[in-house]
Amino acid sequence: MSSFFPRWPLSRGGVVAPDERLPWGTTGVMGVQHLVAMSGSTILGPLLMGFDPNLAILFSGIGTLVFFLLTGGRVPSYLGSSFSFIAVVIAVTGYAGSGANPNIGPALGGIIACGALYAAIGVLVMFTGSGWIERLMPPAVTGAVGASIGLNLAPVAVRGIEGTGPHLLVALGTLLATALVAVYAPLRIRRVSILVGIAAGYFFYLLLGNGFGLLPPISFAEISAAPWLGLPQFHTPTFETGAMLLIAPVAFILVAENLGHIKAIGAMTGRNLDPYVGRGFLGDGIATMISGAGGGTGVTTYVENMGVMAVTRVYSTLIFVVAAVAAIALGFSPKFGALLRTIPGPVLGGLAVVVFGLIASAMIRLWVDNRVDFSDPRNLLTVGVALVMGAGNFSVTIGGFSIAGIGTATIAAIGLYQLLGIGRREPVGVVSGLSETETRPPH
């Protein structure tokens, strides 16, 4: 009978399996590399919502350890800030786009509700398998909801880059630097393109603001006054029904995202990780609840760290324990948090254009990779209706409850796809006389 955790013997080959390890010194170095890979997005997500990025770093480490424990140390993953929460958090809080979010409480309650729903789905999958999720949310539906999130956020990104000439120059410089690094830099640098974009934009702003006086200068007084070590400022959630109803459906996006990540990791490692899908959902859901309870963002498994694994071919789960412990240590450094809070608005605006655009365009790649058949009216109508509702921020108010664009797009995509499938006979093979399009099973 196998133990709950693997024994992690020292690897002797070029590929390090999830249940193997490198020498401890190398394991530490690899852990720091994964910390750097996740840090750009984990820092940017909370800043775009007005959350404390220091808390996000702290809870990303805690969440990764929770995921590690729930999956028995067999699924190599890091949990960082999820961009899927940005639109609904902004809708709930009315966040203006700069500084601390003054209405964070209801958003935290919604994040906890989302985590609870996510965890419940995980428990259900543990007993029933994940096949029903793939039928409920095939790539056509998942892509439609994901693209709706990116398009719904487009006005937020545009407001972030609008301003005076120097403001616009910094925003566009940040955008261009991020894009150039993502396309032309060596592969390992491309993995941290957001982090490099933050650094480049910060430099541009210092040059134009602190150097030439064309923008309000960055003040470093808070950094100087902050101690190196100390407790972060936690926040208390409040539970409002409308906020919870709006944010909780994000769980379905996280389910589809995490399912894809676990299957991709299984393909990379040559391991069947399907038995751990439900436990992965449960771990991610509990991690999201813990994060929301203390003032952090919702979390999800990170594709950035999957990229690092694909390059290094080192899949040892112990590396993520090192990265998580290092993130927790940074979370208890007020000086580090003060540094993150000095990142200027134009820099965040330029990055928002990149990130929100990538959210939408990545869904197009999802459709292409899964060969979604858009000659099938079922797929075409599902995607079209969801995109309009999401991009147009279509809202519905029933009594005292209100559901905004992301919620209505999610409901429309899932509901319409299932409704249009009633009475349809899915082809099971090639039928003589039919074209390839007619015989291909709709996704």
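Mentor: One term before we start: a helix here is a DSSP run of H or I with at least four residues, and helices are numbered from the N terminus. Also keep in mind that this is a predicted model.
Trainee: Okay, which helix is Ser 60 in?
Mentor: Ser 60 belongs to helix α2, which covers residues 53–70.
Trainee: Is Ser 60 buried or exposed?
Mentor: Ser 60 is buried, because its relative accessibility is 0% and the cut-off for buried is under 20%.
Trainee: What does Ser 60 touch, leaving out residues up to four places away in sequence?
Mentor: Met 38, Thr 42, Tyr 78, Leu 79, Gly 80 and Ala 327. With Tyr 78 there's also a polar contact between the two side chains, at 2.8 Å.
Trainee: Switching to Val 36, where is that?
Mentor: Val 36 sits in helix α1, residues 24–49. It counts as partly exposed because its relative accessibility is 33%.
Trainee: And which residues does Val 36 touch, again skipping those up to four places away?
Mentor: Val 192 and Leu 195.
Trainee: How far apart in space are Val 36 and Gly 173?
Mentor: They're 22 Å apart, C-alpha to C-alpha, and 137 residues apart in sequence.
Trainee: New topic: what's the mean pLDDT of the chain?
Mentor: The mean is 86, with 94% of residues at 70 or more.
Trainee: Where does pLDDT stay under 50?
Mentor: Over residues 427–443, and the model has 26 contacts beyond four places in sequence for that stretch.

Technical notes. Residues numbered from 1 in each chain as written. Predicted model: local features only at pLDDT ≥ 70, side-chain atom pairs only at ≥ 80, totals over all residues. Heavy atoms only, no water. Helix = DSSP H or I, 4+ residues; strand = E, 2+ residues; numbered from the N terminus. Buried < 20%, exposed > 50% of the residue type's maximum accessible area, 1.4 Å probe, protein only. Polar contact = N/O pair within 3.5 Å; in protein donor to acceptor, adjacent residues only side chain to side chain. Contact = heavy atoms within 4.5 Å. pLDDT = per-residue confidence, 0-100.
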